[in-house]
Structure formats: structure tokens, C-alpha cells
Amino acid sequence: MNYSLRILISLALLALVLAAATCAVPATPTGQPAVQPADRPTGQSPQEKPTPMCARTLNIAHRGARSLAPENTLVAARKGLEIGADLWELDVAMSADGVPFLIHDDTLVRTSNIKAVFPDRSPWSNHLFTWAEIQQLDFGSWFVATDPFKQIAAGNVSPAEQESYRGVKAPSLREALAFTRDHDWRVNVEIKNLAGTPGDATVVEKVVALITELDMVERVLISSFNHSYLVRAKQANPTIATAALVERADLDPIALLKRLGAQAYNPRASAIEADEIGRIRRAGFDVYIWTVNDEATMRKLIAGQASGIFTDFPQLLKPLVAACP
Ligand code: G3P
Ligand code: CA
């Protein structure tokens, strides 16, 4: 082989090695290919505006740290913050006079003393009470009385904490957002499905207006089981990140997200297989999974590179996820 031919072959080999190195996807400690930002679609895709989250699996305090404090209150949010959760999740509904406030259920019965305060107002639906009436209620004592996650019995809620929970108020969304911003934190705002109530017509626009007014778009992910709300949220502010909540596996999550212009798929843990997480993420979307309270499933989802895990036990998830840069 003459000298020029050898140079030519060497150059071709070098080019091949360089090309292979550029395309290689680094493996994670679990041996799975890492989801690379370069995998995200460009151009007109919804991923032009990434969700305000970071690269590893995020620890999301579900309704605050609700195993240790009354759900959807600022004391539960504070607990999640102290534990070191990356963000918290809250549920928002509307009072009779149109104030967005934090509550999960359709009625005030389970998480407040409404039956004692307004005994004649059955069925105690959220939308039948004004904000002034809701502010008269105690949203903390039920937690101490029922110990829903047996964490008081386990000695993980001190007597002083239990005492401090008595008389806790439901926060308005404005108060919850201000708390989040003031603590340099982030939040997933789940808009409850208010179809069939007067709040249905305005809840999305009110929530988005508040987030925008408080300059919190970068700190918030909006989600809902009512997917038409996600479309309305985008219409109200196209820069806000949205996530489609699903109870059962969607046949084509990527098509669903594209249709909605959403950034994330938020399935129930039983509605997604680990290998599907990577497929959706490589298409440029985030996958946040709910609600996971056992360590084995947490480890499986972290290995599968879930974007985030909603848990009632952020204290359990905390040591399993690495620090967010
Ligand atoms: O957003 C995740 C989870 O909160 C959805 O279900 O019923 O707990 O609001 P739920
Ligand atoms: Ca929720």
C-alpha cells in the first residue's frame, strides 16, 4: 500500500471514530441511555418552552408533605420544603364567589370541620360556600384526629406540630403561589375538573392570570384531568407549561401531548410501563408519575428516568434522588 493510500485510510478511520463518539448516548449508572436535550424536537414543537424542571427525577411533595401535615395547606407545603422536595403539588377549586383556593375533594367534608360549623348546608360542596365562609373553617384538626398515614402513631409528627395544625386555614391560590415564590420554590398547580359548576367557565383563566400577575410562569406547571383546561391555559398564556393527567394509559401519549400543546404526561403509576417513560422523554416530553409511596417503585421509576415522582412521602424519596443542580 503506498503512502498516500495509507494516509487516506487513516483519515477515513479517524472520521468514523469521531462520528461514533458524537452520536453515542452516555449510559446512566443504571445502564440505560440518558435522555439527551439533543433528542428534543426543535422548530414548532411544544418543547420550545421546556418545563421549569431539571434533568434528574424530581421529588414532588403531593398536596404538600401530606403524610406529615394536613394536605393542601401551607404547613404541608412548608414540611415539603424542609424535607428538600424539588416542588410541591396542589389542587385548586373555586369558592361560590370565584376565589381559587386549595382543596382536593369536591366537598369540604373530609378535610375541614364544615359539618360542625354549617350543619344545615349538606352536601357541603366547595362551590356552594363563599371564601369568607371557607376561611372560618379548620383544615388541620381532622389530620390530627385521623392520622391518615399513621405518621403520628409512628412518632414522626411531634406533639408541638400536632398542636400547630389545629385551626389551620385553607390557603387561597394567591397565598400558595406567594409562599412558593417567597421561598424560591416551584409548584405543580392541578386544576380540578369543575365541569357542572359555575367555576368551570373561569377557573383556568383566573389561575393563569394569578400565575402571570405574580410573575411565576417559570415556577409553575399546570396540570388537569380535564384536558380542555390545558388548551385554555395555553390560550391564556402560551408560555405556561402544561401536563396531561391520566388515570388510564393513553393509547398514544405523544400524539395526545402534541394535540394539547402540552409539555408533560402525568400518568397514574399503574398506567405506565418503565420502557414507555424513555420513549416519551426521547420524544421531548416530561413524564411525572403519581402517586408513589413505596421505595421499590420509586427506585424502578428513577431507573426508568421518570422526570418526577409525586409522593405523599417526600422524606422517603429524598435520599433516593441526587441533588438537583
Ligand atoms: O397530580 C397527581 C395527582 O395529584 C393526581 O391525582 O387525585 O391526587 O389529585 P389526585
Ligand atoms: Ca392532585
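The dialogue below walks through some features of a predicted model.

Me: How many helices and strands does the protein have, and what percentage of its residues count as buried?

Reply: This is a predicted model. The secondary structure of the protein comes to 13 helices and nine strands. Of its 325 residues, 40% count as buried. As for contacts between residues at least 6 apart in sequence, 62% of them join residues at least 24 apart.

Me: How do I read burial for a single residue? Is proline 159 buried or exposed?

Reply: Burial is a count of neighbours: a residue is buried if 20 or more other C-beta atoms lie within 10 Å of its own, and exposed if 12 or fewer do. Proline 159 counts as exposed because it has 9 C-beta neighbours inside 10 Å. Proline 159 lies in helix α6, which covers residues 159–165. In sequence, proline 159 and valine 144 are 15 residues apart; in space their C-alpha atoms are 9.8 Å apart.

Me: Now a strand. Which residues of β1 lie on each side, and are they buried or exposed?

Reply: Strand β1 spans residues 58–61 and is covered on both faces. Leu58 and Ile60 are on one side, Asn59 and Ala61 are on the other, and all are buried.

Me: Which strands pair with β1, and in what sense?

Reply: β1 pairs with strand β9 (residues 308–311) in the parallel sense over four bridges. Within that pairing, leucine 58 has glycine 308 of β9 as its bridge partner. β1 also pairs with strand β2 (residues 87–94), again in the parallel sense, over two bridges. There, alanine 61 has tryptophan 88 of β2 as its bridge partner.

Me: Why is β2 described as largely enclosed?

Reply: Seven of the eight residues of β2 are buried, so the rest of the structure largely encloses this strand.

Me: Which way does β2 run relative to β4 and β3?

Reply: β2 and strand β4 (residues 187–191) run parallel and are joined by five bridges. Tryptophan 88 stands opposite valine 187 in β4. With strand β3 (residues 100–102), β2 pairs in the antiparallel sense over three bridges. Valine 92 has leucine 102 of β3 as its bridge partner. β2 and β3 form a hairpin with five residues between them, and glycine 98 in the turn has a positive phi of about 80°.

Me: How is the packing of two helices described, and what are the values for α7 and α8?

Reply: Two packed helices are described by the angle between their axes and the distance between the axes. Helix α7 (residues 173–182) and helix α8 (residues 203–213) pack at an angle of about 35°, with their axes 10 Å apart. The crossing of α7 and α8 is right-handed. Leu173, Arg174 and Leu177 of α7 meet Val207, Leu210 and Ile211 of α8. By class, this contact has five nonpolar residues, no polar ones and one charged.

Me: Last, which residues are around ligand 1, and how do they divide by class?

Reply: A shell is read by listing its residues and then sorting them by class. The residues around ligand 1 include His62, Glu89, Asp91, His104 and Glu190. Ser223, Leu245, Asn266, Trp290, Thr291 and Phe310 are also around the ligand. The shell has three nonpolar, five polar and three charged residues.

Terms used. Residues are numbered from 1 along each chain as its sequence is written. Chains are lettered from A and ligands numbered from 1 in the order in which they are written. This is a predicted model: local features need pLDDT of at least 70, side-chain atom pairs count only at pLDDT 80 or more; totals for chains, interfaces and linings use all residues. Two strands pair if DSSP finds at least two bridges between them. A residue is near a molecule or strand if its C-beta atom, placed from the backbone, lies within 6 Å of it. Ala, Val, Leu, Ile, Met, Phe, Trp, Tyr, Cys and Pro count as nonpolar, Asp, Glu, Lys and Arg as charged, and the others, Gly among them, as polar. Axes are lines fitted to C-alpha atoms, for helices over the stretch in contact, and angles run from 0 to 180 degrees between N-to-C directions. A crossing is left-handed if the near helix is turned anticlockwise from the far one by less than a right angle, and right-handed if clockwise. Two residues are in contact if their C-beta atoms, placed from the backbone, lie within 7 Å.
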